[in-house]
Amino acid sequence: MRRPRDDRRDRGCVLHRHGGEVVTKLRPDRFRQDHTGAPEGDELQQLRVVGLGALGWKVGVGARDDRRRQEAVEKLRAAGADAFGVPLDVTDDASVTAAADLIEKQAGRLDVLVNNAGITGGSPQAPTTVDPETIRATVETNVIGVVRVTNAMLPLLRRSASPRIVNMSSSVGSLTLQSTPGAGTGPIAAAYAPSKSFLNAVTVQYAKELQDTNVLINAACPGFVATDLNGFRGVRTPEQGAATAIRLATLPDDGTTGGFFDDAGVVPW
Ligand SMILES: NC(=O)c1ccc[n+]([C@@H]2O[C@H](COP(=O)([O-])OP(=O)(O)OC[C@H]3O[C@@H](n4cnc5c(N)ncnc54)[C@H](OP(=O)(O)O)[C@@H]3O)[C@@H](O)[C@H]2O)c1
């Protein structure tokens, strides 16, 4: 696997809000290498999208809830981003196919796909008592949803000069950290944490299959960010949480692939 690089280059783009994906159009004239302009208080993925939108990219906002998706699009437009809504339920084949069709109509290609949708599966998740359905549902969204969306979007990504895929993972999926006393990987979670380990493993498999293409695919951990996911108990701002995803979405053509990163660098598997 190639080593990470910090330099970035302009490109078109996209992505989403809840589902975390999307799409595309290059406007290099508006690219800013040192983007810091996301407003405080928005949700993680919205900030992430605002970040890419502020880079001058056309942003598709994937979300399954009509009202929340429209609100997100309007918020992004008010912040100056070129945004459009993409109805998207990552667990539904027909929804994902329709999302790819819409992106093709709106943009013609996809430069960046950010697979951001994720669920914790709720609690408690002690492995000795967890409902198997909790594990099944969590994997369906956090892993199979990523595979479903990625494969549906790949034909559009292949039309890009520099396609990038970012899978939103978590350090709780690190087996190394989970087995390191005091590493601070949160509560016992037999569904959520393994789903992110699974996602990391799938990310590596994609990187291996795509190694001779121009597609770069990596996993990102945003850190412990205050969002709905954790009842806003997170200690990082959405803007801080978005930074690694934005970096991986804007990797240069000789950038890394098949890696797992947070703001501090490489996260151990
Ligand atoms: N926050 C953290 O501290 C943290 C730490 C490590 C990793 N992460 C990861 O970062 C990503 C974003 O999480 P977040 O903190 O921003 O949490 P969040 O605010 O709960 O956002 C997750 C979003 O995923 C969407 N979603 C769930 N199932 C979906 C489906 N089937 N189809 C489409 N969208 C779906 C939800 O949409 P609805 O509004 O429709 O429910 C929700 O808005 C997740 O993958 C999460 O695992 C977060």
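Me: Among contacts between residues at least 6 apart in sequence, what share joins residues at least 24 apart?

Reply: The share is 73%. Two residues are in contact if their C-beta atoms, placed from the backbone, lie within 7 Å. This is a predicted model, in which local features need pLDDT of at least 70 and side-chain atom pairs count only at pLDDT 80 or more, while totals for chains, interfaces and linings use all residues. Residues are numbered from 1 along each chain as its sequence is written.

Me: How many helices and strands does the chain have, and what makes a run count as one?

Reply: The chain has seven helices and seven strands. Helices are DSSP runs of H or I with at least four residues, strands are runs of E with at least two, and both are numbered from the N terminus.

Me: Why is helix 4 called roughly parallel to helix 6?

Reply: The axes of helix 4 (residues 132–157) and helix 6 (residues 192–209) cross at roughly 15° and come within 9 Å. Axes are lines fitted to C-alpha atoms, for helices over the stretch in contact, and angles run from 0 to 180 degrees between N-to-C directions. Angles under 35 degrees count as roughly parallel, over 145 as roughly antiparallel, 65 to 115 as roughly perpendicular and the rest as oblique. Therefore helix 4 is roughly parallel to helix 6.

Me: What makes up the contact of helix 4 with helix 6, by class?

Reply: Residues in the contact include Val139 and Val143 of helix 4 and Phe198 and Leu199 of helix 6. By class there are eight nonpolar, three polar and one charged residues. Ala, Val, Leu, Ile, Met, Phe, Trp, Tyr, Cys and Pro count as nonpolar, Asp, Glu, Lys and Arg as charged, and the others, Gly among them, as polar.

Me: Why does helix 3 count as roughly parallel to helix 4?

Reply: Helix 3 (residues 93–107) packs on helix 4 at an angle of about 25°, with the axes 9 Å apart. That angle makes helix 3 roughly parallel to helix 4.

Me: How do you know that strand 4 is mostly covered?

Reply: Five of the five residues of strand 4 (residues 164–168) are buried. A residue is buried if 20 or more other C-beta atoms lie within 10 Å of its own, exposed if 12 or fewer, and partly exposed in between. Arg164, Val166 and Met168 point one way, Ile165 and Asn167 the other, and all are buried.

Me: What makes strand 3 and strand 4 a pair?

Reply: Two strands pair if DSSP finds at least two bridges between them. Strand 3 (residues 112–115) and strand 4 have four bridges, in the parallel sense. Val166 of strand 4 is the bridge partner of Val114.
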